[in-house]
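Let's take a walk through this structure together. Have a look at the picture first, and then we'll go from the whole chain down to a few single residues.

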Amino acid sequence: MRCALPALTALAIFALPASTQAKIVSNLGVTIISCVVNSNGGNLTNGINVVYYNTHDSPATEVDFLLRYMGKRYILIDKGNFTRGAQINHNLTNALTGQPWDGPTPKLCRVERVYLANGRSF
């Protein structure tokens, strides 16, 4: 029993950081590299920084992200011309601004909808 306790303690310590990470869900032909909640420098949120890329042959013209942060859902929209394989690194401030800041890690960051230049959407 004594040998099991240190092993369980070590396992709990190493498992803790994994539980504080965002659940990032790449979806619909868009791969998310990172998703971080921005602070306004005080105690309020200022949108997100999201790094991602499009895997579709056609350029994406809009990518919508669903975020869960402090028990609420937010949709952040990125519009542009995002070619296949190009890394996109954008700060999005069309939602999740002015809310109480509770650290950089959202509970969930998921691709919710994608619009392509060829007229298709997912």
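What percentage of the 122 residues in the chain do buried residues make up? They come to 31%, where buried means under 20% relative accessible area, exposed means over 50%, and partly exposed is in between, with a 1.4 Å probe and protein chains only. Keep in mind that this is a predicted model, in which local features need pLDDT of at least 70 and side-chain atom pairs count only at pLDDT 80 or more, while totals for chains, interfaces and linings use all residues. Residues are numbered from 1 along each chain as its sequence is written, and side-chain values use heavy atoms, with hydrogens and water left out.

Now for the overall layout. You'll find one helix and seven strands here, and reading along the sequence gives α-β-β-β-β-β-β-β. Helices (H or I, at least four residues) and strands (E, at least two) are DSSP runs, numbered from the N terminus. Take the contacts between residues at least 6 apart in sequence: 63% of them join residues at least 24 apart, a contact being heavy atoms within 4.5 Å.

Next, let's stop at some loops. Between β1 (23–25) and β2 (30–39) sits Leu28. Its phi is near 60 degrees, a positive value in a residue other than glycine. Leu28 counts as partly exposed because its relative accessibility is 26%.

Further along, the loop between β4 (60–69) and β5 (72–82) holds Met70. Met70 isn't a glycine either, yet its phi is positive, at about 50 degrees. With a relative accessibility of 46%, Met70 is partly exposed too.

Our last stop is Asn40, in the loop between β2 and β3 (44–54). Is Asn40 buried or partly exposed? Its relative accessible area is 44%, so Asn40 is partly exposed. Leaving aside residues up to four places away in sequence, Asn40 touches Thr45 and Asn46. A polar atom of the Asn40 side chain also lies 2.7 Å from the backbone nitrogen of Gly42. Finally, find Gln99: Asn40 and Gln99 are 59 residues apart along the chain, and their C-alpha atoms are separated by 9.9 Å.

Note on methods
A polar contact is a pair of N or O atoms within 3.5 Å; within protein, one must be able to donate a hydrogen and the other to accept it, and residues adjacent in sequence count only if both atoms are side-chain atoms.
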